[in-house]
Amino acid sequence: HRCPKCNLPLPRSNKAFWRAKFRNNVNRDKRKVVALKKQGWRVLVIWECKIKKDLNGCIRQIEKSL
């Protein structure tokens with residue numbers, strides 16, 4: 001929901017809608033991570049772009065977190 005490193009462009013039409021939607025998605029994801037951590041979960045976020053660039057590195061990251 002909007003990788004902080006990719007800086008993807010907004011869709012060309014209805015930019016105000018998409019800007020608000022993506023901002024809300026990012027905020028919701030942050031709230032969900034906080035809630036999960038409060039419940040004792042370990043949270044690991046791996047972005048699609050990272051998987052595409054370094055699948056083995058992502059696998060190692062998952063293995064280390066277990």
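Me: Which residues gather in a patch of positive charge on the surface?

Reply: In this predicted model, the residues that gather in a patch of positive charge on the surface are R12, K15, R19 and R23. One of them, R19, belongs to helix α1, which covers residues 15-38.

Me: Is R19 buried, partly exposed or exposed, and how should I read its percentage?

Reply: A residue counts as exposed when its relative accessible area is over 50% and as buried when it is under 20%, with partly exposed in between. R19 has a relative accessible area of 44%, and it is therefore partly exposed.

Me: How far apart are P9 and R19 in sequence and in space?

Reply: Along the sequence P9 and R19 are 10 residues apart, while in space their C-alpha atoms are 10.0 Å apart. P9 sits in the segment before α1, and with a relative accessibility of 66% it counts as exposed.

Me: How many helices and strands does the protein chain have, and in what order do the elements run?

Reply: The protein chain has 3 helices and 0 strands, and from the N terminus on its elements read α-α-α.

Me: How many salt bridges does a search of the whole structure find, and which residues form them?

Reply: The general idea is to look for a side-chain nitrogen of Lys or Arg within 4 Å of a carboxyl oxygen of Asp or Glu. The search of the whole structure finds 2 salt bridges. In one, the side chains of D29 and R28 meet with an N to O distance of 3.3 Å; D29 is partly exposed at 24% relative accessibility, and R28 is partly exposed with a relative accessible area of 30%. In another, K52 pairs with E48, their closest N and O atoms being 3.1 Å apart.

Me: Where do K52 and E48 lie in relation to each other, and are they buried or exposed?

Reply: K52 and E48 are 4 residues apart in helix α2 (residues 48-53), so they are separated by about one helical turn. K52 counts as exposed at 65% relative accessibility, and E48 counts as exposed at 54%.

Me: Which residues form a nonpolar patch on the surface?

Reply: The nonpolar patch on the surface is formed by L44, I62 and L66, which together have about 300 Å² of accessible area. L66 is placed in the segment after α3 (55-65), and this residue is exposed, with a relative accessible area of 76%.

Me: What should I keep in mind when I read a phi value?

Reply: Most residues other than glycine have a negative phi. In this structure N7 has a positive phi, near 50°, and is not a glycine, and N14, also not a glycine, has a positive phi of about 55°.

Me: Where are N7 and N14 placed, and are they buried or exposed?

Reply: N7 is in the segment before α1 and is exposed, with a relative accessible area of 69%. N14 is likewise in the segment before α1, and at 53% relative accessibility N14 counts as exposed.

Notes: Residues are numbered from 1 along each chain as its sequence is written. This is a predicted model: local features need pLDDT of at least 70, side-chain atom pairs count only at pLDDT 80 or more; totals for chains, interfaces and linings use all residues. Side-chain values use heavy atoms; hydrogens and water are left out. Patches are made of residues with over 30% relative accessible area and no salt bridge: like charges are joined within 9 Å, nonpolar side chains (Val, Leu, Ile, Met, Phe, Trp, Tyr) within 5 Å. Accessible areas come from the Shrake-Rupley method with a 1.4 Å probe; for residues, only the protein chains shown count as cover. Lys and Arg count as positive and Asp and Glu as negative; His and the chain ends are not counted. The place of a charge is taken as NZ of Lys, CZ of Arg, CG of Asp or CD of Glu. Helices (H or I, at least four residues) and strands (E, at least two) are DSSP runs, numbered from the N terminus. Buried means under 20% relative accessible area, exposed over 50%, partly exposed in between (1.4 Å probe, protein chains only).
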